[in-house]
Amino acid sequence: MIIQPEWGTRNVNKYFYESEARRVAELNEIFGEVELTVDEERTLIWLAGWAEYTIENVLSAIRKAMAAEAKRLEAVRP
């Protein structure tokens with residue numbers, strides 16, 4: 001699960017922090033149950049600082065990859 005840094009621990013304004021929180025929540029829809037390394041979490045928090053459409057595109061690509069992997073695994077099962 002991605003944990004957003006506490007308010008006031010970085011030099012960001014309230015608008016940025018609030019929009020980042022929404023994007024972290026979107027990322028947690030996929031990564032919420034995944035044990036991440038500190039570096040992976042740090043990278044995803046950095047990514048959450050980008051524009052909303054960037055997160056939407058990254059999440060879309062991840063979901064497509066997850067669906068393709070599930071389909072591949074299903075095809076392998078007897």
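Colleague: How many aromatic pairs does the structure hold?

Modeller: The structure holds 2 aromatic pairs. This is a predicted model, where local features need pLDDT of at least 70, side-chain atom pairs count only at pLDDT 80 or more, and totals for chains, interfaces and linings use all residues. Residues are numbered from 1 along each chain as its sequence is written, and side-chain values use heavy atoms, with hydrogens and water left out.

Colleague: Why is the pair of tryptophan 7 and tyrosine 17 called edge-to-face?

Modeller: Rings of Phe, Tyr and Trp (its six-membered ring) pair if their centres lie within 6.5 Å; planes under 30 degrees apart are stacked, over 60 edge-to-face, the rest tilted. Tryptophan 7 and tyrosine 17 have 5.3 Å centre to centre and 65° between the planes, so they are an edge-to-face pair.

Colleague: Is tyrosine 17 buried or exposed?

Modeller: Buried means under 20% relative accessible area, exposed over 50%, partly exposed in between (1.4 Å probe, protein chains only). Tyrosine 17 has 17%, so it counts as buried. Tryptophan 7, at 44%, is partly exposed.

Colleague: What makes the contact of lysine 14 and glutamate 18 a salt bridge?

Modeller: A salt bridge needs a side-chain nitrogen of Lys or Arg within 4 Å of a carboxyl oxygen of Asp or Glu. For lysine 14 and glutamate 18 the N to O distance is 3.9 Å, so the term applies. Lysine 14 is exposed at 52%, while glutamate 18 is partly exposed at 37%.
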